[in-house]
Structures are given as structure tokens and as C-alpha cells.
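Biologist: Could we go through this complex together? Please begin with the terms you rely on.

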Amino acid sequence: MNKSSIIEIRDISIGFTGRSGHTLPVLRNINLTVKRGETVGLVGESGSGKSTLALAAMGYLKRGLRILEGTCHFKDQNMFTLGRTELEKIRGGKLGLVPQNSGQSLTPTLRIGQQLTEALRLHSKLKSEQYHRRVLELLTQVRLPDPETVVVRFPHELSGGQQQRVAIAMALAGEPDALLLDEPTTGLDVTTQAHILELLRDLAADTGMAMLYVSHDLGAIAQVCDRVMVMYAGEVVLEGTTRQVLKAPSHPYARGLLASIPKLSDPHLPSALKGRPPAPGGAGNGCAFVERCGIASEICRSTRPSLASGPGNALVRCHHANLSNRLSMTPDGKKVCNADPNAEPAIYLDNLSIRYSKQSLINRLCGKKDISPATVDNISITLTKGETLGLVGESGSGKSTILKTVAGLLPPANGSIVFGDGENLPREVEQRCPNHLRRIQLVFQNPDDSLNPRHTIAEILEQPLKLYFSLTGQALLERSTELLELVRLGAHYLDRLPSQLSGGEKQRVAIARAFAAEPDLILCDEVTSALDVSVQAAVLNLLNELKQKQGTTYVFVSHDLAVVRALSDRVAVLYQGRLCEIGPAADVYSTPSHPYTEVLLNAVLEPDPDIRPKLTTDDVVELAPPTQGCPFQRRCPRKLGKICDTENPPWQQKENGHSICCHIAIEQLESMQFEEINIEPASA
Amino acid sequence: MTVSATAIPQNSTLDHFSSILRDVLSRPSGAVGLFLVVFHIILALISPYIAPYDFKEMNSTMMLADPGINHWLGTDHLGRDVFSRTIQGGREAMLVTGIATPVAVIWGGMVGIFFGLVGGRLDEVMMRLVDAFLSLPWILKMLLLIVTFGTSILVLVPTLAFIYGIPVIRIARAATQDVVARDFVSAARARGNSRATIMRRELLPNVLDSLMVEGAMRWSWMLLAFSSLSFLGFGVSPPTPDWGLMISDARGFMSFAPWGVLGPVIALSSLIIGINLTADALAKSLGIDRAQKATV
Amino acid sequence: MLQILFRRLFLGFVTVVVVSMIIFAGVEILPGDACTAFLEREAKGLILESCREDLGLNRPAVERYFDWAWNALQGDLGISANGKDSIASLVGARLGNSLLLAVCALSIGVPLAIILGIVTGLWRDKPIDLLISTSVIFAMTIPEFVSSTVLILVFSAWLGWLPGIVLTSASAPISEFFPEIILPVVVLSMVMTAHILRMVRSSVIEVMGSDYIQMATLKGVPYWRMVFLHALPNALLPAINIIALTIAWLLGGVVVVEVVFNYPGLGRMMIDSISDRDLPVVQALALIVATVYVFVNLSADMLTMIANPRLRTLYTRK
């Protein structure tokens, strides 16, 4: 065993016993070495087995799983032969874990201080009176402001980013030689993500810890890893330096994966990987990727390729690694642009404001007015027919709230929604007539939640068809089939239940259901965030294609700036329920931009080790908008002064209908940002 | 990585129920429970034709006789055959509760789904009423009604159905609220479906699982209530055979004629245990945690 | 926090008021009143009239409700239909006896249920769990009068170890209830143990499967430290509510057991008063039992809130 390797996994296979009684492998013959001072990235889509592998490195298997062959060593110890007490000494001590969802991984009934102290008690040689000081040190080390108050908080009183930092501090308490990070930034806002990654990179550099970084996000991997292993269907298919893997990947899957990621610097639509990965045990004798591969040949079906040295000394599991450069690895889908500023308007949102909090009974009886600022305020947007408006912002920016209000599910406190033909839309669903409802359709984030699990696909599609068009019998069946074909699913899906479909297929059905109403406007609420990237690309392509065929008007909400860019003609940026900037996509994504847009754009993680995010503001989570002045006043890196706190910023117009809501003059913004521009050097 | 078994394909309501039934039967508790329940139902249907003696036939020469060839479980204090009375002792109870249970689940379920969907002030008022009603012991409510209106089936069925429907409101409402929060209900609202359609199409199929388990439990509790009432002397009137009443009668002679209680004790217990084992297996098959439900 | 407390108290009070209305209306709708009960069924005409006059029964129902409710608020529950005994004093002795029974059953049942619940939850699907969980279904489902009867048969009739029924009078001092109280306590604790145990078991299983327990394992926390420090404080929270329901049940719903063992508690008083059509007593008992139910549950909610930091701290982030 190599002296410098900290974690060494040899030829490990892990599996479970399926319903049929056969052993189904979830990991097949994996070798993994992490050396001192090195950060290794483990990347793959859901079901690829990456988390199972990371936990196996700690000698831990989830219920039902078992080792089929192979060993896991940490330093000199074989993790699966150790006794309970020895494992307890290593775990959380010299081998730390930062879990995927810190919010649920911290014990809810113990204060942060207690949980950190426990880690110290178990894994450090400190005396008990030194614990408190060390806890504060650790919290400071993970850059949590005000550690004294954090210590007495319970986990649920912290924001997601803070919880993640606490989890990192807890792992650091044992002064580990190696740190396992299981999707540590998934589910966090872009700015928070960038901050956590910066922290991890600095920690690795300062302490010389070995890190194993597990993620589905190539953008995050690119920022922190020295070496990357790409996993597919329980196998490592590509292993090499970050640069080799991200810049010139020699495995078809890695190339396809890269091509399916929308990029901020590239306005093309991502291209999707067709098909889906095999289920555990379903890979057969050949290459696991054969069904989805563009360069597969006979040998790929019959023989399982081995992990061998390929182009540029990377290890590749492919028979045709030399041919893989024929496959594109950049998004090359053509975006359809229907935006025509002179087109007829489809809908006006006029000065919408929305409140979530209801006044308490006592306050209402006393006749007190609610003076707290509205959750969403002052939203005026005009949508023209056929255009796609992207709505971006971090969590809590009110983007989904606006969609719900337009759909009538949440009545606005003020303002109105008017169709392009001048027809005023009643505030609530119950007051709207069927034709109003038909003209606006909503597609939800998670198809598991938006499709009734007890209805077949036919029943799901029939509902709008019966309701709005009174179709019956043969006509109903024909139209349902037509709709399925529209979203590239066949008629054989009709009598299936949602649980028998994959995530991407379910989302297609949800989209088909929206199109069944032949609407004027489709509201898409984070429709791709629950999906894997390759599936996301397919859904984006579908939406794009439908836009071309049907001339649909979309409002497309997402937290992912690159996804929004890939599909939208115009983009609006929201912060704390207020509009900051709106304009054509190309203009919003280049200078000058609102300081908040700038912060967001700077924080985006690109799957490219040469593009680093720039952090210009703290990742504070604000719970409510300020009562007066600019909504971004508390975090703005370009804040002018008192005027930002007291006066609402003016809307400044540029060409193409691009406008920015800021006190700083546009020219000034432009020159400030010009000096620092580096996010889009070439393509802007 | 999830290691869970893949969902059983199910393409229609009928398939859905038959797959549930198969799953219940594949569990030991479900198989035993369902066997007991089916056995008792069949017994209740055919017992009058197979009973060796008439249940009211008294024999003053054979009072409290030991078990023997003629009287397998002996005779009671009036010389009636205990075996014949035992196999027929559940008929009235099963008839009454067998009608009252579905009635209770249906009305309680509908009201619960309605208030779970509507929410707001109306729901709050309703829940206070339900709370208030549940704070009174069931036996007090039952007895007040029975003492006043008598113990005929025409009184017992609606009384039981009414009293046992009220906790169902709570369960159905809670289950509905979980479903209402999901997007497919929002989708139905945004589509413009009427409240009745949403209740029937979107909510009911998803609440049905909870209601089925709840129905099985209500049935066992109703049987418990029914037999307790007869035991206390407020239920079935003699000479109709009834397990509760038989146990009550035989208690006095227990020290020298214990078989008088054993027959009805075993019969009643096996039925109620059978129902509960079935309910347990059903809850597991449907993925509902039965123990998490409060007992009311 | 205080605001929530007041709101809950207020809602509890509202529930009690609603209950009192239901009780009053319920008794009102039933045919017959205190006078018909008191004077036997045949009483007609003048005597009945004058009795009603005396007791003020000919006034409008609403007026009488407020009278009754106002007096009850002050602790005056009226007089029994026999016309002499104050209900408050009648109830007093019975309530004490019921409390004695409840306390004995709780002090055996609750610790037993929690310990066995934890054991079955931690050793889920192991032989010990299967054994206990199966017996629990029996304990939970067999009607109380059946288990009582069997216990009396075995321990009293056959073995002769314990007295089968309680002969002590209602107002006797506590010490005289032993050993007569043992069998009823066993029956009651069996039923309640079963209910609480199932709850604790499923809660332990749920918590042991949670992310934070997995994290604690991977943090190197020793097993028993993890169980006691990380798992149980969370797993036992839901038990509070079911224990409250059990307490309420013990104080108001154990009619059958009290009758079987001839135990002079509230349950038997309830059934006796119903048989005697002693409506004032029925009303008073119903009100007491309902109030106990509402406030025991309320206290459980409060306790859960205090014990659960997620509910205790109002400052909560998404």
C-alpha cells in the first residue's frame, strides 16, 4: 500500500439482493485512491452509486447493501474488518464527513455548541474547559459571523449555508486527515455555493487534508478538485486530472454530460443524452453506456470494456476512446427566438403586490394597518406573444409566488393581471371563467407531486381535454395520443401510472397536460430542477421545440442562471420580491447590470477549471425585504450610501427595452463593471 | 441510491386492490388475520344450519353440565348448549357492526375530506365540535342513546355509525391535508375543477388507503363496544346468543364451570385479533404507519 | 410563546364550553328530566309540576344552561336526583379512587411501554421484537372484560392468589384497596402499555432511520450515547401526546373494568347514574371527564412544545 495514500479502495463491488433473489450490484470493481493533500472529485448522475462509494470509504453501508468483493482502507486499516469502537474512533476523527443535507443531518434537539463539543469530546485531546474556546475557533475557521450566538442556536434556526458551515466545522473538530464531502453544496443558493466552495478550497490548501468530493455538479467539481472520477451505472468510466476530464474528456458519457450542461458563457441550448442509465444489474455483458452511445459498435455490446489508459493518460472505460472526440462536448442546440418587440402583448402584470402573512385577529379588530413590506411588490411586466420571459433569483426572491398569483392560486394584495386583448383577469381561481383558466397553464417543479399518483397518463391528459373542449370517446383518445407524441412519448404510455415513468418522462407528461389546454401562456416553475442534467437538457430542448411549433409564450422561472439563459428571450431578475433588472437575455447577461445581477453572474459555477466565481458580497440570507429604499441595500457591494437605504431606486432605461432599477447611473455601472469584466470574455 | 423494491405495476383500480390483497396475504399477520376474519364471517352465515341445538332450548336437567359428547362445551346455567350458542354468538354483533362500519367510514370520510379541502374558519369551527365530541367517553354517548331509544338493530346501527364516524372525520381530514398540499391538487384548482370533482378525482383515491385501514380499525372497536355493552347488560336482549352477554352470564359460575366463559372468550378474541392483524398487515402493505395514529 | 400558550388555553376553554353545550343539549333532548326520574315514571300532574317548579325546570333551556354552567364554573355541580346529596361531594370520593387506579396503572404502564418500545424499535424485526410486538396486538385488542374475566378465572378462581372483586366501599382510605386493586391495575396497564409501546416503537424506528442518526454514526458517536443523546429525545416527543390520551382514558373511560371488578370509581358512577337516570349526575360527570380530557391534552401539547426546540423557538428559518 502506498505510503502517501490516505484512502485506498481496491476493486470494490457492492450490491443488494433484489426481489427476484438475484444479487444486483450498485458498484462494480471500483478502485479509488486519495493521496495526502489531494482533492478527488466523484461525479455522476443520480443512481450512479457515488454516495454509496463515499460512505463505503467510511466503512458504512446503507441497510440492505453488502460488500461483494474488494477492500476499503483508510491509512492502514481495513474499514470493513474493524470493530465498532475502532470505527467510532476513526469516523469523525481522522476521517470526517460533510453530509449532503446538513439541515437534516444535525440533531434537531441539540444546540450547535453541544454538537460541536461532542465532536471535540470524542475526537480531541483537549480538556473540557478548552472546548468552548475551540468551538468558537472552529466556527470562525468556517467563516461564520458571530460564533457566540451560533453556539446557542438550534440547527433549525440557521440558514442552509450556515448549517453547511457548522457541518464542516464539526468535521474539522477531529483534525481529520481526510474529509468526505457528499454533495455539500447541493440545494444552496448560487452565492452561498460559491462561498462554501471557496472555504473548502482554502481549507484544503491550509491544512493539507485529503478530500473526496462527491457531486452531480461538474461546476462545483471544477472549482475544488485536482482529480476527477466520472461514475456511470456503478462503474468508473473516466478518471483523470480535472483539466483532462472537463476540457478533453475521452469517454462518450463524459462528453455527453458536458454537452448537456447549459453554460452561462454559451447561449446555445444544451444537447441531451438520449435514453437512461440501466437499473442495477441491468448492464448485461457489454458496456453499460452502449444504449446511449453515439459511437458504439458490436464489441461494445458483447464485451465489457476495462478501465485502461486512454488519450492524454486519463483512464477510460471505453473501446473507442480514441474516437470519442468525434462527439460534441459543448452545447450546440439552436435556441428559437420568437421575441418580437412589436408583437401583440399576451398579458400585462400591472403593479402586482402579494402578501403571505395574514394580519392577526387582534390587529384587525384594533383597526391596525399592516405596515410590514409585502412579500412581492411592484411587479409590472408586459409579455408579448411568443416570447419567453426568464425569471431568476435566489430562494425567497418570490419568483414562484408570482407564478402562483398569475395562475390564480394566490390572490394578489394589489395590482391587476390583464390579458393582451384587454380582458381583466379576476384575482382568484374560483372567480375566473373556464376560458380564462384555459389560457394560462402552469407546469410545476416536481412531476412526482404534480401528477396524481393514482391516475393513469390517459386520465391525467383527459382532464383538461374534457374540461375545456368537452372531448369524448375517439376524439379524446386521438387528442391524448397526439399530445403524447408532441412531447415524444408514444401512445403505449396512456395506460401507465406516473410511478412507472422516469422523472423526465413524468415532466413530459406534465408539459403535455399544459399544452392540452391550448393555452396562450405557460408558466414553468423550476421545471427542470428536480431532474438530472442530461434529462434537464432533454426537457429544455422539448420546451424550445414546442415554442417553435406552437408559438407559445412562456414564463420560465429558475434559480439557475445558465438554464434561464438557454431558453429565455428576455430575463427579469428578482431580489426579495422586487424587480432589479429586466431586458433581453443577451443584455442582462452582459454589462452593465444591476449590482445584484452582477453578484449572481459572478457566483455562477461553470464546469471549467479556468473560470472561477468571484465573490463580491456575503451570503447572508435575508428573511424580509427592507421597509424602504433599495431591496438590495444590505448586501450591495456597490452601495452608494444613505440614498440606497431611504429612497426607492429609479428605473433607468437602456436600448432594447433593457432597464435597471438602481441609484447608480447606467454609464457609471458600465464603467465600474467594465474594469472587472471577466465572466464572459469572448462571447459577450 | 435507493434499495427499495420497485413499485408493483398496477393499471386499474381492480389490479390495485388485488395487488394489495396479495401483499397482505404474503405477510404472516395478514394471512392469519384474514383467515380468522373470513372464518368468522362464514361461521356467522352458516352457523344456524350447523348448530347441534337450538340456542334457546333450555334443559333444566342439564344445567352447567361438563363438556361431553352431547354438549361439546357443556351447558350454561339454563341448560342451553354452549357450543351452539358460541358459534351463533357473533351473528348479531357482526351484522350490526358490519353495516355500521362502512356507514361510519363513508360519512366520516366525506366530511373529513370536505373540511380538509376547504380549510379556514369553517374547518376550525368543525374541529372544535369534533374535539368536544371526542372528549366525552364513547360509553357515555352510547349508553345515553341506548337507554333512551332501546337496543334494536335500527337504533344500534345508526348510533354506532354516528359515534364512530366522528373520529374518522379527523383521520380523513389529516390525510386530506397531506394531499391538498401537493401540486396536483393545485393543478386541479388552477385548471378550474369544481370542489366536488377535486374531492372525488384527486383527493379520494389518495385518501382511500388511510380510510381502508381506518375502516378495519373502526370495525374492531365497534365490535369491542358492542360486546362490552352486552356484557354490561345494555346490548342484545336474551335469549339471543351474544358473546359479551354469555361471558357476563357465565362469570358467576366461573369457579366451577369455567368452560362457559372459554367458548365465547376464544370466539370473540379470535375475531377481534383477526381484524387487527389484518389491519396491521394492510397498513404495512399500504405504507401507512398505524401506530402513529392516536387511539380515540 | 406566551401568545401561543394563551391561544391554546383559549381554544381549550372554547372546547370545554362547546362540550358543556353538547352535554346540556344532549340531556335536554332525551325524554324525561330530573323530576320524572326522581318521582318515578308514573308521576303526573300536580306533583310533577310542583317538583319542576321547585327545581326551576320550567324555565327556558337557555336560561337553565347559563345557570348550570355558571354554577359549575364555581365548583357547584348541583344536587343528585335523589334530592339530597351534593354531586360535588359524591364525585369527590370517586374521583380520588379513579385517580388511585390511574396512578397505579400509569406508574407501571408508562415506564414499561417506553422501555419495551425502545427495545423493540432498536431491535426491529429481531426475535425479541417479533415476540413483544405480537403479544402487544393481543394485549391491545382483547376486550377488557375478556382479559379481566380470564385473569379472575386464573388468579382468583383457580389459584386463589388475589381477590377477584373489590369489596371496599367508595370512601375507604387508599390503603384498604390493596390487594384488591392489583388485578384491575394489571388489566389497565396491559391495554395502555400496548398502545404507548406501539407508538414509541414506530417513533424510534423512524428516528433511527433519520439523516441525523446516520450522521451521528459517521461522526463516531458511540452507539448508546447516540441512542440516548441523539435519538431518544426526538423519538419520545410523540409519546407525550399518547400518554395524555391514556391519562384521559384512565380517568373517564374505564367503565368496563370498574364494573367487572366492582371498583368504586368514576366509570361505575357514570353507568349507575345512567341506569338510574340521574341526569344531573350524568351531566356533571360528563363535564368533568371532558374537562380533564381537554386539559390533559392541552398540557401534553404544551409539554411537547417545551421539549421540542423546533416548536419552542419562534425564530425559525425556512
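Modeller: Two residues are in contact if their C-beta atoms, placed from the backbone, lie within 7 Å. This is a predicted model, in which local features need pLDDT of at least 70, side-chain atom pairs count only at pLDDT 80 or more, and totals for chains, interfaces and linings use all residues. Residues are numbered from 1 along each chain as its sequence is written, while chains are lettered from A and ligands numbered from 1 in the order in which they are written.

Biologist: How many residues of chain C are in contact with chain A?

Modeller: On chain C, 20 residues are in contact with 28 residues of chain A.

Biologist: Which element of chain C gives the most to that side?

Modeller: That is α9(C), with six residues. The elements giving two or more residues are α9 (211-218), α10 (223-235) and α15 (309-312) of chain C. Helices (H or I, at least four residues) and strands (E, at least two) are DSSP runs, numbered from the N terminus.

Biologist: Turning to chain A, how many helices and strands are there?

Modeller: Chain A has 25 helices and 24 strands. Its radius of gyration, taken over C-alpha atoms, is 26 Å, close to the 26 Å that the globule rule (2.2 Å times the number of residues to the power 0.38) gives for 684 residues, so chain A is as compact as a globular protein of that length.

Biologist: What box do its C-alpha atoms fill?

Modeller: Along the principal axes, the C-alpha atoms of chain A fill a box of roughly 75 × 65 × 50 Å. Of the contacts in chain A with a separation of 6 or more, 70% are between residues 24 or more positions apart.
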